[in-house]
Amino acid sequence: TAQQLFELGQQKWRMGLKQDAVDYFLQALDKDPDLDAAWEALGRLYLDKSLEAYRKLLERHPENERLRQWLEGHGK
């Protein structure tokens, strides 16, 4: 069921297996597109991943003050 897939995703996330968690959450949403908890979990995982990418970019370009300020305002 969608709920079971969601719970498997939660387990993977707790284990630090974020991509596996994303895969399970997407499978859960294929079965039940109204499963709000899966949408929320995906949003949090995607946000974490995008912030990680922006931090990496800032490491490569520390002179990018605009990016530094944006990160400071969005959960550095």
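Let us begin with charged pairs: three salt bridges are counted in this structure, which is a predicted model.

**Stop 1: K49 and E52.** Select K49 and E52, and show their side chains. They form a salt bridge, with the closest N and O atoms 3.6 Å apart. Both residues lie in helix α3, three residues apart, or about one turn of the helix. Is E52 buried, partly exposed or exposed? With a relative accessible area of 44%, E52 is partly exposed.

**Stop 2: K56 and E59.** Stay on helix α3 and select K56 and E59, which are separated by about one helical turn because they sit three residues apart. Here too there is a salt bridge, with the closest N and O atoms 3.6 Å apart. E59 counts as exposed at 56% relative accessibility, while K56 counts as partly exposed at 49%.

**Stop 3: E65 and R68.** Move to helix α4, residues 65-73, where E65 and R68 lie three residues apart, about one turn of the helix. R68 forms a salt bridge with E65, and the closest N and O atoms are 3.6 Å apart. R68 is partly exposed, with a relative accessible area of 23%, and E65 counts as partly exposed at 41%.

**Stop 4: α1 against α2.** Next, color residues 2-14 (helix α1) and residues 18-31 (helix α2). These helices pack at an angle of about 170°, with their axes 8 Å apart. An angle over 145 degrees counts as roughly antiparallel, so α1 is roughly antiparallel to α2. To see the contact, select A2, L5, F6, L8, G9, Q10, K12 and W13 of α1, then K18, D20, A21, Y24, F25, Q27, A28 and K31 of α2. By class, this contact has nine nonpolar, three polar and four charged residues.

Stop 5: In soluble globular proteins, nonpolar side chains tend to be buried together. Hide the surface and look inside: the largest nonpolar core has 14 residues, and F6, W13, F25, A28, L35 and L45 touch the most other members.

**Last stop: F6.** Leaving aside residues up to four places away in sequence, F6 touches F25, A28, L35, A37, A38 and A41. Select these partners one by one and follow how each meets F6.

Terms used:
Residues are numbered from 1 along each chain as its sequence is written. This is a predicted model: local features need pLDDT of at least 70, side-chain atom pairs count only at pLDDT 80 or more; totals for chains, interfaces and linings use all residues. Side-chain values use heavy atoms; hydrogens and water are left out. Axes are lines fitted to C-alpha atoms, for helices over the stretch in contact, and angles run from 0 to 180 degrees between N-to-C directions. Helices (H or I, at least four residues) and strands (E, at least two) are DSSP runs, numbered from the N terminus. Angles under 35 degrees count as roughly parallel, over 145 as roughly antiparallel, 65 to 115 as roughly perpendicular and the rest as oblique. Contact means heavy atoms within 4.5 Å. Ala, Val, Leu, Ile, Met, Phe, Trp, Tyr, Cys and Pro count as nonpolar, Asp, Glu, Lys and Arg as charged, and the others, Gly among them, as polar. A nonpolar core is a set of buried Ala, Val, Leu, Ile, Met, Phe, Trp, Tyr and Cys residues joined through side-chain atoms within 4.5 Å. Buried means under 20% relative accessible area, exposed over 50%, partly exposed in between (1.4 Å probe, protein chains only). A salt bridge is a side-chain nitrogen of Lys or Arg within 4 Å of a carboxyl oxygen of Asp or Glu.
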